[in-house]
Amino acid sequence: MEKKILIELYIDEEDKENGLDIISFVSAPAIEKDFMHFNSEVDNFKFKSTDEEKRIVTGACMIPNQEIVRLDAEGKPYFVFFTKETILKAQEVFAKYGKTKTTNLEHEDSTLQGATVVESWIVKDPSNDKSNALGFSNVPAGSWFVSYKVDNEELWEKVKKGEVNGFSIEGVFSKNIVKMSEEKTLEIIEKIVKNNDLTNLEMYDKINSIISEL
């Protein structure tokens, strides 16, 4: 019988080498094996162009307690999540170490200049948060939103064309296994993840429906 493995990811302040490294502009959620690439798997959290004249786009980059499926080195699925406390620490570390002026595209190794975080906030009161006015809905308290000013011509063209439409964090985090329960569903989830006939939204809809029943 397969086991559902649930892992809390957190930032260890004693480990100066690891943590949140960069926020990437992406076209679709990333499914990687070990190095953690994340963005919101819900279509509602695709970023929005809040000011086309000023080239500012806004979106969520981290959502608390959302179980995200990952694949290990052998292609077996497991689940990870961030707490509100870890997300707050990630926001602080991101600013503290001056990581607000560089980004990349689709988690490529090369960085893109000309994209700067001009706004960063943690949602405290979802019903009265700025995200509502920008058109986002069902935003959990503790979510981290950012606004980027995009001066990079290549990146802005991709934004306008809809070739990139979301943010995804990238980094190496400390891990704490919080649950290993007997489940029969991981084989099904593995097949869903590897089904190339599904769109990313269809894939996550299927996975989330399974998670909700666990």
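These exercises work through helices, salt bridges and surface charge in a predicted model.

**Exercise 1.** Work out what span helix H1 (residues 84-96) should have, and compare it with the model.

*Solution.* 
- Step 1. Helix H1 has 13 residues.
- Step 2. The expected span is 1.5 Å times one less than the number of residues. For H1 that gives 18 Å.
- Step 3. The end C-alpha atoms of H1 are 18 Å apart, which agrees.
- Step 4. Look inside the helix. Thr86, Ile87, Ala90, Gln91, Val93 and Phe94 are buried.

**Exercise 2.** Find which parts the salt bridge between Lys130 and Glu119 ties together.

*Solution.* 
- Step 1. The closest N and O atoms of Lys130 and Glu119 are 2.7 Å apart. A salt bridge needs such atoms within 4 Å, so the pair qualifies.
- Step 2. Lys130 sits in helix H2 (residues 130-133) and Glu119 in strand S9, so the bridge joins parts 11 residues apart in sequence.
- Step 3. Lys130 is partly exposed at 38%, and Glu119 is partly exposed at 28%.

**Exercise 3.** Explain how Glu157 and Lys160 are placed in helix H3 (residues 153-160).

*Solution.* 
- Step 1. Glu157 and Lys160 are 3 residues apart, about one turn of the helix.
- Step 2. An α-helix has 3.6 residues a turn, so residues three or four places apart point the same way.
- Step 3. The two side chains, Glu157 and Lys160, form a salt bridge at 3.0 Å, N to O.

**Exercise 4.** Decide whether Asp109 is buried or exposed.

*Solution.* 
- Step 1. The relative accessible area of Asp109 is 81%.
- Step 2. Exposed means over 50%, so Asp109 is exposed.
- Step 3. Asp109 belongs to a surface patch of negative charge with Glu106, Glu108 and Glu154.

Technical notes: Residues are numbered from 1 along each chain as its sequence is written. This is a predicted model: local features need pLDDT of at least 70, side-chain atom pairs count only at pLDDT 80 or more; totals for chains, interfaces and linings use all residues. Side-chain values use heavy atoms; hydrogens and water are left out. Patches are made of residues with over 30% relative accessible area and no salt bridge: like charges are joined within 9 Å, nonpolar side chains (Val, Leu, Ile, Met, Phe, Trp, Tyr) within 5 Å. Accessible areas come from the Shrake-Rupley method with a 1.4 Å probe; for residues, only the protein chains shown count as cover. Lys and Arg count as positive and Asp and Glu as negative; His and the chain ends are not counted. The place of a charge is taken as NZ of Lys, CZ of Arg, CG of Asp or CD of Glu. Buried means under 20% relative accessible area, exposed over 50%, partly exposed in between (1.4 Å probe, protein chains only). Helices (H or I, at least four residues) and strands (E, at least two) are DSSP runs, numbered from the N terminus.
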